[in-house]
Amino acid sequence: MATAEAQQAIKKTFVGTPFFAVIGASKDKTKFGTKVLQWYQERSFNVTPVHPVQQIQQKEAELEGLKTLGSLSQLPSPKETAISVITPPKACDKAHQYGYSSLMSFCTKVTLGILEQAKELSIPAIWLQPGAEDPAVIDYIKEHGLADRVIYGGPCILVEGDQIIKSLL
């Protein structure tokens, strides 16, 4: 993980971007992905929900009144968009405990696919919300030169976001 100073710099880059995307929001208002999406909306940020399953089916065509994209590549300005990732690798550990190893593999692949797309699209900052990383994801971040763009292993934007915004004023 990057030093505390480097993490703070990434967080400032993150909140300083003009556009945001949330990956992992759903129609379930009790889930953290939706709460993160609402956090951006409550602060009048320009935010877009991205739902990777959207590419396969029309499951979440609209979330919180916003059109949902199926991929980061559909973002109008990816180089100016910071992304919050609320995908479930750690939640999928439970599935693995019960013998659903294919689900565990799927969850990690979704997060890794997001990171791969983000790197290809030069996304400036990525915040893996708590529970969105696992050892394979962390290894990918380190091995693919993303450590200077990814926040992970700490509190979520719901906890630190307002404080970081205030520090920029």
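This is a predicted model: local features need pLDDT of at least 70, side-chain atom pairs count only at pLDDT 80 or more; totals for chains, interfaces and linings use all residues.
Strands E1 and E2 pair in the parallel sense, over 4 bridges. One of these contacts across the strands joins Val22 to Pro49, its bridge partner in E2.

Together, 5 strands form an open sheet with parallel pairing, in the order E2-E1-E5-E6-E7. Strand E2 (47-50) and strand E7 stand at the edges with a single partner strand each, so one side of each has no neighbour in the sheet. In general, the strands of a sheet are joined through backbone hydrogen bonds and may run parallel or antiparallel. E1 is mostly covered, with 4 of its 5 residues buried.

Leaving aside residues up to four places away in sequence, Pro49 touches Val22, Leu37, Leu63, Leu66, Lys67, Thr68 and Leu69. Pro49 and Glu62 lie 13 residues apart in sequence, and their C-alpha atoms are 8.2 Å apart in space.

**The chain as a whole**

The protein chain has 6 helices and 7 strands. Read from the N terminus, its elements follow the order α-β-α-β-β-β-β-α-α-β-α-β-α. Of its 169 residues, 44% are buried. The chain exposes about 8,600 Å², and carbon and sulfur atoms supply 54% of that area. Among contacts with a separation of 6 or more, 70% are between residues 24 or more positions apart.

Helix H1 covers residues 4-15, which makes 12 residues. From its first C-alpha to its last, H1 reaches 17 Å, close to the 16 Å expected at 1.5 Å a residue. The buried residues of H1 are Gln7, Ile10, Lys11, Phe14 and Val15. These residues cover an arc of only 125° around the axis, and therefore lie on the same side of H1. An α-helix has 3.6 residues a turn, so residues three or four places apart point the same way. The cover over the buried residues of H1 includes strand E1 (19-23), helix H2 (32-42), strand E5 (81-85), strand E6 (126-128), strand E7 (150-151) and helix H6 (157-168).

Ile10 belongs to helix H1. With a relative accessibility of 5%, Ile10 counts as buried. Beyond residues up to four places away in sequence, Ile10 touches Ala125, Ala147, Asp148, Arg149, Val150 and Ile151. Ile10 and Ile151 are 141 residues apart along the chain, yet 6.9 Å separates their C-alpha atoms.

In H6, the residues Ile157, Glu160, Gly161 and Ile164 are buried. Viewed down the axis of H6, they fall within an arc of 120°, so they line one face of the helix. Val159, Gln163 and Lys166 are exposed on the other side of H6. Among the elements that cover the buried residues of H6 are H1, H2 and E6.

Most residues other than glycine have a negative phi. Ser44 has a positive phi near 60° although Ser44 is not glycine, and Ser122 likewise has a positive phi, of about 60°. Ser44 is in the loop between H2 and E2. Ser122 is in the loop between helix H4 (101-120) and E6.

**Accessibility of selected residues**

| Residue | Relative accessibility | Class |
|---|---|---|
| Ile10 | 5% | buried |
| Ser122 | 36% | partly exposed |
| Ser44 | 66% | exposed |

Note on methods. Residues are numbered from 1 along each chain as its sequence is written. Side-chain values use heavy atoms; hydrogens and water are left out. Helices (H or I, at least four residues) and strands (E, at least two) are DSSP runs, numbered from the N terminus. Buried means under 20% relative accessible area, exposed over 50%, partly exposed in between (1.4 Å probe, protein chains only). Contact means heavy atoms within 4.5 Å. Accessible areas come from the Shrake-Rupley method with a 1.4 Å probe; for residues, only the protein chains shown count as cover. The expected span of a helix is 1.5 Å times one less than its number of residues. The arc is that of the directions from the helix axis to the C-beta atoms. Two strands pair if DSSP finds at least two bridges between them.
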